Each structure stands twice: as structure tokens, then as C-alpha cells.
Amino acid sequence: MTRLPRFGRAATTSLASLGFIAGLALGCNGALGGDGDSCTSTREYFAAEAWTKVMGKKCITCHGPAGIAEEQNAEFRLLPSSYPGFMDANYEAVKTNASISYDGLSALLAKPTAKTMHGGGEVIKEGSEEYRIIASLLEQLKDPVECSDADGAQLDGVVLSTPDETLRKAALHLVGRLPNADEISEVKAGGEDALAEAVRGMLEEDGFYDRLGDIFNDLLLTDRYTVYTGFAIALLNQDDYPNAGAWWDGVADEDQRRRINTAVAREPVDLIAHVVRNDRPFTEILTADYTVVNPFSAPIYGVSPEFKDPTDYNEFKEVKLSITRDGQKLAIPHAGVLSSPMFLNRFPTTPTNRNRHRARMVYKMFLATDILRIGERPIDPTQSLTYQNPTRDDTKCNFCHKQIDPIAGSFQNYNDYDMEQLDRDREWYPEMFAPGFNGEDMPKSEFPNALPWFATRAAQDPRFVIASVYTVFRGLTGQEPLAYPADPDDPNYGAKLAAWQAQDGLLRKLGEDFVADEYNLKTIIEQVILSPYYRGITAETELSETEALKLAAVGTARLSTPELLARKIEAVTGIRWIRGWDLAEQLKTDYKILYGGIDSDSITQRLTHLNGIMASVASRMANEVACGVTAFDFSRPADQRTLFPKVTLDTTPLGPTGAEIPDTIAAIKENIQYLHARLLGEQLDITDPEIERTYQLFLETWKEGAANVTGGKEDAWLSWQCQARVDPNTQQDLPEAQKISDDPNYTVRAWMAVITYLLSDYKFLFE
Amino acid sequence: MDRRNFLKIAGMTGLAVSAPFGVRHVLAQPEPYKGPYFVLINASGGWDPVYLCDPKAKGPLNRIYDGPATAGNLKYAPIPIDDASLGLEPGGSAYLMSNQQFFEKYASQLTVLNGIDMSTNNHDGGSRATWSGRLSEGFPSFGAIVAATRAPDSSLAYISSGGYDATEGLIPLTRMSSIDALRRVAYPNQTDPGSPDTALFHSSTTAARIRKAQEDRLKAQLAQQRLPRVKTAMSELTLARASDDVLKDLVLPADLVDLPGYQLSDLRDMMQQSQLAVAAFKAGMAVAVNLNLGGFDTHANHDVDQVRQLAKLLAGVDFLMTEAEKAGIVDDLVIMMGSDFARGPGYNADNQYGGKDHWSITSAMLMGRGIGKNRVIGATTDAQLALAIDPSSLALKDGGKVLKPETIHLALRKLASVADGAPAKDFPLAGDDMPSLLSG
């Protein structure tokens, strides 16, 4: 397939120049391109016509999973849209079937027209519209049309953020800081290529791995075990991990205990970070025959790798764990995160559940498959009473169980009552579908090594690629990948299909690039950052309803999570929004749930839409941070200030007579311009109406307040909380000479109003 | 673009929560909501009606009690509870409520629906069907429908602490926790809302000036914006700010209830959420609240774990009613209790640790404003299969209709007077019309 260079590498910011629409006119053989201004690939034709109008409606009825065709062992199988990658799989199935012919007529037409034996009889009439579509597809398949860009990535009309705007957004999101001067100048000079390089550079920073940890904890939810110190340790079997007993009890230092517990709780997330940080194939998150420990978790597991700095929490070493049974060392059969004690506890089993819950979660997290959705169908309870073993014998049940049970059998070496305890001598249940994966039975000789056997195969499954792409896409854009539009009769079906195709085209391309780059997750991260789903800021023109539907999922409008907002506050203001008594981040403690975050326990879904309480949390944040930072920033020398480098507390817009002072007004506006850039990333001309709006807020607040102070209606003293008395990040007293406790000119409070205004702005709260 | 089209577009990706400027007819602070208030209580994991409101004779389905007991017209499973039988620390069972206590106290207010065919025994689908009325994906919960219809301009009208709470873009979802934090956000301009001498961050005129500037800027930003996803997000912010003042009327309890020990922590959480729900109703802020209690997926140790969780659930409902009564809103509550599906029809093992697996024929219980009293509709056979009823008389009838989630939700929508609203029409249900199913 002809492809343009990777999108996001051109020097401008229109999608056309980035290859999103230029590809439409390239690489097309012209046979199907209509007027020649566009290109419809054969795969697109299959998706929009053959699948939508014929196969997804008629053929799927019998040729879908658990359909009559499958029961009768027909080779032609189709997957419904609930299966990840269903369109690719179906396209391949159709291509294969098309090559089989009966008396010169392809099976794709001979079978459904009953020209040859067909279990379903005649389902398409010769000469019908359906017949014409299949015939047209067959004609195209002789010489398939391939377009030069990812199928469907036709998002023309979307305006992207510029490279330096994207740089700022990526830096705040990925590493919790503003871009540095070098990055800015390089991106300004080098455009899209330099942006990609800069993003890649950020993926080497420690800060990125905090963010990556958040993304994967949303999946694994193992932070549940950080809720109180000792939670994770208590899960470990003390016979297998003796140091989880007496040794742990002997650790007196509370901070040390907290770090140990956190390190153990986060072991699977840290393993993922280790794989990504070291550019290992991401498949190792399932296949690694090791785990990682840091100086804090190593003693718990009874291992002692050599650490360069035994106090460095972020120094991770690969180790192979073993336990002692009957005096013999027994190696843990590592299988990446799947064999992690925390994973096994977080997704537990029972003697009757038999690891099916784990299997379901493995499907969901690592194979992009919602097995419950796939299995969703009305059931008749009277039927299951007729089977002795319905999960195996009743087609309504075994449809799912033959997918679930083999993977459940992969966890057979773990105890049903003590989740992480290795129990290699147990017998697996013969009445269940045998352990295995994708139709391959696990040899009995592999049972002692069941989980690594499965993990190796799962990591090579195409759905693992899809799951990896989806996880990153979800984490960075805050939205679910679009579902395939279910209803072809929906009047908006065409537009919805176009939206799905555009996104699916991109996600498939990300998957291809991921595999080509030896499963390096950084490739997906970089490309999602550069995509219109992360960078789209508006459209070039007003959109019709159809156009709006096509672009419904595009755009940079993600509400920041509590964690992202906390990092952003610190990055742009220089202070953290913390509780004074323990210096903990407010958005990670008191306000985490109110602001839509998760506790990884009972609340595991983030709120992605702002409600009234969240708006009030944002208001309180803006007020408290403005209060904490304004006087404090003025207490420092001008060249060390974060927010007010261009003004002093004596910089007032009017003189004593009420006359304007042009120089000070200019300085105030320059500082406002600076604040818009620093806090919101807006590069505004000094005459921009938004500068004037902010100036008017400052001016009116100052005028009223100064008059009130002069008239004795308002105090010259700042409220206790808003005085510059302590360093807001440490709560340590400032030197006396640096302290600011009053505000006779009312400039602190006028600037506080400006800071509150900007910190509660749409552009601050949303990405 | 009108509201309907806007919602269509944004709803495509689950983005919409509100219409943009010029479409929403009210951008000022919404009027306080005066009821009725809907509480949707989810027994997460799949409860066992045989041990609650659809009792059976002792046998393969029931190995705990001798046979059904009666309270009014209702039959229930008379299972005694004590610390030992529920595996609780000493004194723990005193915080729970037995079936007998519950039904004797509330039978006169209840409508029990037995023999509901969920057509599924998968958790996600069952939960979805119980609370939205439809098995397949893409439908909002009843809480979202009723909140979006009765208080469309409030961004606080639907509060959830779990269970199926998909909104499909009709209205934002709200979570509540931590009284101290709620107090602080209720008064974002007070430096210390707990102190009578609290200072303000900004004078009241400055605060109003900031707010005006925010509104003007957001209008300008929205006017320049063309991508629906971004417009939707801006509209969310506008709407959320418009309703944030409602929090001032939130009268929070001095302290949230506490229960001893880890074993009761789930009940404690449910009770605390009940306290916050009542406060939100009382403040005119909320229309619908989801409450959730987990632990019902008892594939093993059913006789202990299922019975304990049911006793917690009933204690939680009783606590909610008590709190609502104290707040003077108990007569305005509409409560529905339901679960993913049922369990059974028998045990999966003969020993004492045996469990019951998923079973698609289940029950629901409702009470409150407009709900018929002291009634049982529908039934199951001794094998826990659904029996059909006559749609008009609601009496058992061969060849009649089996209760389905969509039928219940059609009736629920009518009871709540939201059936003809735009949200309900955008998400139509195809159930059987049973006009007196809930109201009697």
C-alpha cells in the first residue's frame, strides 16, 4: 500500500498538508474514484457497501459466531462488530472466500444465490442490489484499490493546534511541566518533525512514568492497595514471602512502611513502566519472565539485587522470584503482570468461578474484547435446565465459555482461596473446556507452566495490538474509541460510519506502526499526540449537521483528570494546591472523588463531563491558588517571579488624581499578556480583546478596592490566608523581610482576581 | 443547530451533557427541585429473591428456612440473622435488618415484582437492563432520563455512587463524598466555611465581576468554535457554573454515620451516600440518586454471604427511609431495589460452602410516592421459572405476558411523568403496556 510519510510531520498545521486528505487523490487506480478527486479503497467499499448492506445484515445471521453455519462447520465465518478488528477479519475472510468458485462463479455469489449447495438456501436474488454490490466487490478484489493514506483518515476541515501549542499541551500532559526554551525554539524552527522529536524526548523523563502509571492504573486498579499502609503486604502469603511477616512488622519508620507498601502494590504498573522506559517490546508486559523490584519492595520478596542508590524509589531491577516449599526452591513462573500477586488479588477467583473472572479481565485489558458484550443474547432459562453441564453443552452458554474457559485454565496453578499462592499440584476441572487459546489446546506437559504458555500466545494475537492502541488512545484523549455504528437504517448512519472509518483508519495505522517498531509503546503515544483527536482545535468553516457528525470525536476538549490538573497547577503557577497540615495534593485527596477521579476500589470509572460540584471545586481551586501564589510571587525578586515579572505592587493604572498612567498601564497589560501565555498557552497580541477584557477586570477591581481602602470600607491588610507568610509548597515561614501582609495599593487583590479568572478558564480546566 | 440535533451529534460519542448557548432556554441558576425524588438501589452481583421476596418451600432452592412467611399480602423468606450465621464480628448483626423486620415494617408500602425475565445472566447486561429497561448497550439509566427531564438545566440532578449510571449524554453525573470538602466547595469564596468569622478571597463585587468576565469570555470562545466536541465541553462548563450556587442550600449532616469494623464498611458507605442523597434532595439539587451495595455474586458460601448482604441492603434501605423522614421528604421518595439478575435455581455444590450461580429470572421491589402498596405482581414456579400475567388485571395467566425490564421501565417512566419527555422519546422502549403495574 502506498503511504504518505507519517502524519504530523509537515511544517504547517492543516490536515491536508499533514496527509490526512492529500492521500485521497493519490494512489488510486481511478476505476472507483468517481471524479478522480477522491479515492475509495476496496476495503472502504467493503466496509461501506458490502458489509453494511449485505454481509453484516444477512450473511452474519448464519455465518456469525455460534450461527448455524458454524455448527455445520462451514469455513466462511464472519465476526460481528463487537469483536475487535472485526472489519479486517471479515475482509480477509471475504477475500479468501471470493477466490473459491463454482462453475466460474465466486462462492460469494454462488452460495447466497443457491447456484451451488448452500445451507441457508437462496438469500440473495440474482440481479438485486445486494447481488450488484457483491459483484462489484468481486470485480474490485481482482485488482484491489489501495489509497495512499490510512483508509478513512479523511478529516478535512479540522484545524490543528500549531506545533508549539501542541508542544505545550504534550509537555503539561505527559511530563507535568511547561516546555523549556530549547524545546520551544527547536519546535518553532523545525515544525512537525521537531515536535515529534520533542515528544519522544519527553518519554524519557521520570515525569512521564507518573502519567503512564496513572493510565495503566486506570486499567489494573492496583492502587486500591495503596489506600492504607500494609494493605498490599497483607495480601502476600507469609509462608511464601516470609518477610511480609516478621520483617515487615519490624519496620518502624512510617514513611519507609508507606514506600514499601506502595512499591509492592504498584508492582504490575511499575513493570509496565519498566518495559516502556527501556524500549522493550510491549509484549513483555505479558511475557516477561521476571518482575521488577525497587529498594523498598525487594526485601519483601526476599531478593537483594544490587541497587546503585538504596534510597532511590525509582531504581527498578529485574528479578526472578522464587519461593520455598518443603525445603525446595520453587521458581515463580512469571508471565508479566498476569503473575503479579497484586493482579491475582485485584482480580480474584473462587472455587466455582474457576478463574473465569480473570479470563474476562484479560480479554478486556489485553485483547480489546468485551466478552460479555460478545456473548450478549437473550437466553431462555428453561433450556439450560435440560443440560447437565450447560457451560459446555448448551450453545447459549458454551458460546462464551469456550472462549473464556481455556484462558481460565491458564491460571490453574494458583490457589482458589489465597489468590497469589502457587498451587502447582492441583487438578484442573476436566468438565470445563480444556486450557488453551484461540483453538489451540495447551499440552498437558505445559500445565505447570500454564500462564507463560498462554501469555506468549496472547501477546502475539492481533488483538493485543488493538488493546495497546486503545489503552493509549483512551489515556491520552480521554475518550473511548468510537463504536461501529450499529444501525444501518439510522438516517445518520453514513456520517457515523465515516467518523468510525476515519478513526479506525488511524488506529489501525498506529497498530501497524507499533508492530513495525517492535512493539514500542512510545510509537503509539507519539502518534496519538500528533493526531487530530489530540490536536484538533476547531474547524475551518461552519459545519453542517452531517459534517459535525463526521467530526464528532475530533478535538482537544478533554476535561483534565484530578491528577492532570494538579500537575498543571504546579507547572504554571509554581505552587502546588495542597493541604497545609500534611502537604498532600488537594486534588489527589479531599477533592479526588468530587472532581471525578477514581479510588481504584469502588469507584473505578472517571467522570468525563463537568458537573456543578466539579465546577465549584474548580472555583475553590482557583481562589485558593490565587490567594496562595499572588502575594507570595510578589515577595520574590522580579527576576525570580513566576507570574508577575513585569509589574510591582506599586504599578497602578491610575495616578492619585485618577489620571491614566500610560507606562504602568502598558506594564500591566504586558503582564496580562504574559499570564495568558503562561497559564493558558495563548499567544495574544497586546491589543487583543481578551487582553482588554482581563485588563478591565484588573482595573475595575483595583479602582473599587483602592477606593474602599482609602475610604476605610475595606481593610488594607490581606486576609491571613492570602498573605505572603510561608512558602506555599513547604509551609515553612518566609524570611521576615520577604513577608507581605498588607495591600495598601490593592494591587495584590486586583491581581488575585486576574489569577482566579485565568485559573478557572475553559482553557485551563480542559486540555 | 437545535437541541435535538446537538444531542444527536454529541451523543454519538457520549459527549453531550447540555445544549450550547442559545439552545438552553435557561442559563440562570435553575429553580430548586421539589420532588418526587428517585432512589435506585442496586444489589450488585445478582441477588437471590428466594432468600428475600420470592420464597420457596424447603428443598433444592432453599436450604435455610422452613417455608415462606407472610406480611400483609407479601410473602418473604423468614431467615433469622445473628453474628455467627452471617460470619460477623460480635455485635455486627445488630446493624443489619432481617427480612422479617423489613417486611413487617414496609410490606404495607411495597410493590414486589416477581418472575422478571432478564433474558441474560451476564452482569453488565443484567445491570443495564434492570436500570435502563434495555439489554443492549446505548441506553441511559432511568436516573438519567428522569433527571434530564425534570431538571434539564441542572448539572447536579443525577448523583451516583455506583451501579448502572450511563447517561448517554443527557445530563452530567455527580459524585459526592467528604462532608468537609463539600462544605468548602459549597462556599468557594470563603476562606474557611466552617468558621463564622471567615474571610472572603474576593469581595462579593469582585467575585461577581470575575464571574461576569468568565461568562463573557466563554461566550466569545464558544462563538468562535466549530468542532462539536469542543462546543460541548464549553457548554458543559457554562451549565455547571450555572448550577454551582445550588450547593449553598446543601445542609449537610454534622458527621456521616460510622459503623465498627471492616466487615460493615460497605453498609457504612451506603448509609453515608444515603445521608448525602437526602441532603441533596432536601436542597432541591438532585432528582435521582443511585445507591449501590456489592457482594451479591455468591458463587460460593451463598448461605452466609448472600444472606448477610441482603440483611445489609435492607438495613441500608431502612436507614435511608429514616433519614428521609427526619428531613421531611420521605413522602416524596420513590425507591426501586433491583439487581443484575437472580441466583439459582439451586446450589452448585452440596456442601455448606456451595454457592448459587447466575439465573435470569429475578425480582424487584418498589415503594414510595405513587407506588401501589402491599402488592405482589408476577410469580415464579417451584423451579424458579417465570409465570406470565394478564397485562390488565396483572393476575397470573397462562398465555399472558412475562414481566420484562422494558415493561417495568415503561411503567416507571409513566409513573415519573417522564414518558412523554424528549429524553424518553429519544430512547424509546418496546415493552408491554401495563398501566397499573406499579401504581395499583
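Biologist: How many of the 767 residues of chain A, as a percentage, count as buried?
Modeller: This is a predicted model, and burial is judged here by counting neighbours, a residue being buried if 20 or more other C-beta atoms lie within 10 Å of its own. By that count, the buried share of the 767 residues of chain A is 49%.

Biologist: What is the radius of gyration of chain A, and what does the globule rule give for 767 residues?
Modeller: Chain A holds 31 helices and 10 strands, and its C-alpha atoms fill a box of roughly 100 × 80 × 50 Å along the principal axes. For 767 residues the globule rule gives 27 Å, and the value for chain A is close to that, so the chain is as compact as a globular protein of that length, with a radius of gyration of 30 Å.

Biologist: Which domains is chain A divided into, and how far apart do the C-alpha centres of domain 2 and domain 4 lie?
Modeller: The division of chain A gives domain 1 (42–142), domain 2 (238–331), domain 3 (347–450) and domain 4 (562–765). Between the C-alpha centres of domain 2 of chain A and domain 4 of chain A the distance is 43 Å.

Biologist: Where does helix H19 of chain A bend?
Modeller: H19(A) covers residues 395–408, and its 14 residues should span 20 Å at 1.5 Å a residue, which agrees with the 19 Å between its end C-alpha atoms. Its buried residues include Cys400(A), His401(A), Gln403(A) and Ile404(A), and what covers the buried residues of the helix includes helix H15 (356–366) and helix H20 (450–460) of chain A. The bend in H19(A), of about 40 degrees, is at His401(A).

Biologist: Which residues have the most contacts inside the largest nonpolar core?
Modeller: This core has 314 residues, and its largest share, 14 residues, comes from helix H27 (residues 612–634) of chain A. Apart from it lies another core, of 16 residues, among them Ala47(A) and Leu137(A). Inside the largest core, those with the most contacts are Val39(B), Ala280(B), Ala286(B) and Val287(B).

Biologist: Which residues does Ala286(B) touch, not counting residues up to four places away in sequence?
Modeller: Ala286(B) is one of the residues with the most contacts inside the largest nonpolar core. Leaving out residues up to four places away in sequence, Ala286(B) touches Tyr37(B), Leu156(B), Ala157(B), Ile159(B), Ala277(B), Ala280(B) and Phe281(B).

Biologist: How far apart do the C-alpha centres of domain 1 and domain 2 of chain B lie?
Modeller: In the domain assignment of chain B, domain 1 is 3–29 + 181–246 and domain 2 is 37–174 + 250–426. The distance between the C-alpha centres of these domains of chain B is 35 Å.

Definitions and conventions. Residues numbered from 1 in each chain as written. Chains lettered and ligands numbered in written order. Predicted model: local features only at pLDDT ≥ 70, side-chain atom pairs only at ≥ 80, totals over all residues. Domains from an automatic or database assignment. Helix = DSSP H or I, 4+ residues; strand = E, 2+ residues; numbered from the N terminus. Expected span 1.5 Å × (residues − 1). Bend = angle between axes of the 7 residues up to and from the residue. Buried ≥ 20, exposed ≤ 12 C-beta atoms within 10 Å, placed from the backbone. Contact = placed C-beta atoms within 7 Å. Core = buried A, V, L, I, M, F, W, Y, C linked by C-beta atoms within 7 Å. Rg over C-alpha atoms; globule rule 2.2 N^0.38 Å.
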